Amino acid sequence: MTGNMYGYARVSTHVQNEARQLTALREFGVLEENIIVEKQSGKDFDRPLYLGLVEALQPEDVLVVQSIDRLGRNYADILEQWRHITKELEAAIVVLDMPLLDTRAGRDLTGILIADIVLQILSYVAQKERESIRQRQAEGIAAALARGVRFGRRRVDLPEDFAYMAELWAEGFISATVAARDLGMSRDTFLRRAREAYAACAGEVC
């Protein structure tokens with residue numbers, strides 16, 4: 001690559017990993033003046049600094065992020081950003097915690113192809129996991145009803161992706177704040193309902 005190399009870090013007031021991201025970007029060789037840090041409140045996913053950075057990317061520039069989730073809110077967003085940056089803008093992406101996700105021109109065509117395939121696999125796995133969690137949700141409800149558990153009216157009104165987000169939270173992939181934000185719930189309500197679901201369904205979110 002003969003273009004410029006930029007680093008992007010995204011943090012919020014609830015996620016204390018800014019230093020870790022910045023250290024990783026610096027150690028990779030991104031110049032301090034080319035590191036963009038986006039701080040958001042957690043209420044939304046507006047990223048004006050990121051969008052401005054992407055708009056300014058030129059062919060052969062390199063965008064470096066520590067983890068793939070810095071590119072988007074979900075895998076659909078990530079795939080779209082990946083396509084836009086690497087195909088339309090002809091810039092490169094390097095994901096530091098996944099070395100296979102590196103599309104710099106210094107790599108051969110096979111390496112770039114592997115990066116695209118890995119990203120597609122990640123998207124597929126995420127979708128299958130979502131489907132699996134929803135299936136376990138349905139099975140958990142049936143088992144709970146068989147045990148005599150009764151679900152109140154408000155439980156029916158939970159957001160469609162509640163079980164999926166609660167599972168991610170329980171496994172430590174996301175914080176309760178992020179899960180509640182994405183579901184449009186308050187953090188306290190999310191925690192209460194998630195814990196109730198686990199208690200009622202013997203460790204499975206139902």
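Trainee: Is Arg 26 buried, exposed or partly exposed?
Mentor: Arg 26 has 39% relative accessibility. Under 20% is buried, over 50% exposed, and the rest partly exposed (1.4 Å probe, protein chains only). So Arg 26 is partly exposed.

Trainee: What kind of model is this?
Mentor: Residues are numbered from 1 along each chain as its sequence is written, and side-chain values use heavy atoms, without hydrogens or water. Local features need pLDDT of at least 70, side-chain atom pairs need 80 or more, totals for chains, interfaces and linings use all residues, and the model is predicted.

Trainee: Which residue forms a salt bridge with Arg 26?
Mentor: A salt bridge puts a side-chain nitrogen of Lys or Arg within 4 Å of a carboxyl oxygen of Asp or Glu. For Arg 26, the closest N and O atoms are 2.9 Å apart.

Trainee: Which residue forms a salt bridge with Arg 181?
Mentor: Arg 181 is buried, at 18% relative accessible area. The closest N and O atoms of the bridge are 3.0 Å apart. The partner is Asp 182.

Trainee: What is the angle between the planes of Trp 169 and Phe 190?
Mentor: Ring centres within 6.5 Å make a pair; planes under 30 degrees apart are stacked, over 60 edge-to-face, the rest tilted. Trp 169 and Phe 190 lie 5.7 Å centre to centre. Their pair is edge-to-face, at 85°.

Technical notes:
Phe/Tyr/Trp six-rings, centres within 6.5 Å; stacked < 30°, edge-to-face > 60°.
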